Amino acid sequence: MKKKKAPTQRTERVLPTPEFLKKFDVEERQTERAGERRLYVTNQLWIDTYLKKGIIDYSQHLTAQKLLNLFRRAGRHQKVTMTFTKEPLLKGGEKGLNLDEGAFSDYNKLQRLMGRQSFSICRDVVCFNLSAKEWAIKNRRNIKASAEVFRISLDDLADAFKDLGL
């Protein structure tokens with residue numbers, strides 16, 4: 001005799017606070033499940049803001065998202081912390097971290113293929129969520145041309161992804 005599955009509990013929907021709504025734009029989108037809708041923040045990252053303002057187009061936004069996913073899969077966003085225990089440290093696989101070694105290799109290949117300045121602005125704006133203006137100030141570049149440099153760098157990034165076959 002088969003056991004009946006226990007019904008799954010549906011959790012109450014958590015809505016954003018008024019302070020959050022003042023800072024970010026939120027829209028409700030349909031999910032793959034029928035009848036289920038989900039709230040998405042549409043301008044949380046600088047690449048989202050640049051897309052909304054028309055500074056970058058949709059294909060450049062997809063390329064930027066591809067770099068961000070590669071960056072996160074490679075484990076580059078994780079902060080290094082120090083421990084004061086005398087026990088030996090475990091490596092990534094033993095610790096249970098889900099790091100993709102292929103992604104780390106592809107990230108480094110992209111970095112070599114694109115060049116220092118072009119990859120620098122892509123990494124800072126896409127991965128570290130700096131604005132193009134902040135990148136220009138940090139690297140002593142022309143502030144007014146920083147958005148155009150970012151657009152050109154995203155085109156270089158798309159070409160690099162094609163060259164690597166990603």
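Student: What makes Asp 124 count as buried?
Tutor: Its relative accessibility is 2%. Buried means under 20% relative accessible area, exposed means over 50%, and partly exposed lies in between (1.4 Å probe, protein chains only). So Asp 124 is buried, because 2% falls under 20%.

Student: Where do these values come from?
Tutor: This is a predicted model, where local features need pLDDT of at least 70 and side-chain atom pairs pLDDT 80 or more, while totals for chains, interfaces and linings use all residues. Residues are numbered from 1 along each chain as its sequence is written, and side-chain values use heavy atoms, with hydrogens and water left out.

Student: How do you know that Asp 124 and Lys 138 form a salt bridge?
Tutor: Their N to O distance is 2.9 Å. A salt bridge needs a side-chain nitrogen of Lys or Arg within 4 Å of a carboxyl oxygen of Asp or Glu. The value 2.9 Å is within 4 Å, so the pair qualifies.

Student: Which parts does that pair tie together?
Tutor: Asp 124 is in helix H6 and Lys 138 is in helix H7. The pair therefore ties together parts 14 residues apart in sequence. Helices here are DSSP runs (H or I, at least four residues; strands are E, at least two), numbered from the N terminus.

Student: How many salt bridges does the whole structure have?
Tutor: The search finds five. Another one joins the side chains of Glu 28 and Arg 37, at 3.9 Å from N to O. That is still within 4 Å, so it counts.

Student: What makes Arg 151 and Glu 148 a salt bridge?
Tutor: Their side chains meet at 3.3 Å, N to O. That is within 4 Å, so the name applies. Both residues lie in helix H8 (residues 146–164), three residues apart, about one turn of the helix. Arg 151 is partly exposed at 33%. Glu 148 is partly exposed at 40%.

Student: Which residues do shared partners join into one network?
Tutor: Arg 123, Asp 124 and Lys 138. Salt bridges that share partners link them.

Student: Now the rings. How many aromatic pairs are there?
Tutor: Six. Rings of Phe, Tyr and Trp (its six-membered ring) pair if their centres lie within 6.5 Å; planes under 30 degrees apart are stacked, over 60 edge-to-face, and the rest tilted.

Student: Why is the pair of Trp 46 and Tyr 50 called tilted?
Tutor: The centres are 5.5 Å apart, which is within 6.5 Å. The planes stand at 40°, so the pair is neither stacked nor edge-to-face, but tilted. Both residues are in helix H2 (residues 46–53), four residues apart, about one helical turn. Trp 46 is partly exposed at 30%, whereas Tyr 50 is buried at 7%.

Student: What makes Phe 71 and Phe 128 edge-to-face?
Tutor: The angle between their planes is 90°, and the centres are 5.4 Å apart. Phe 71 lies in helix H3 (residues 58–73), and Phe 128 in the loop between H6 (116–127) and H7 (132–138). So the pair ties together parts 57 residues apart in sequence. Phe 71 is buried at 3%. Phe 128 is partly exposed at 45%.

Student: Which residues do ring pairs link into a cluster?
Tutor: Phe 71, Tyr 107, Phe 119 and Phe 128.

Student: How do you know that Lys 66 lies over the face of Phe 161?
Tutor: Lys 66 is 5.0 Å from the ring centre. The rule asks for NZ of Lys or CZ of Arg within 6 Å of the centre and within 35 degrees of the ring normal. The distance 5.0 Å is within 6 Å, and Lys 66 is listed as lying over the face.

Student: Why is Arg 140 called exposed?
Tutor: Its relative accessibility is 78%, which is over 50%, so exposed is the word. Arg 140 lies in the loop between H7 and H8, and its phi, near 55°, is positive as well.
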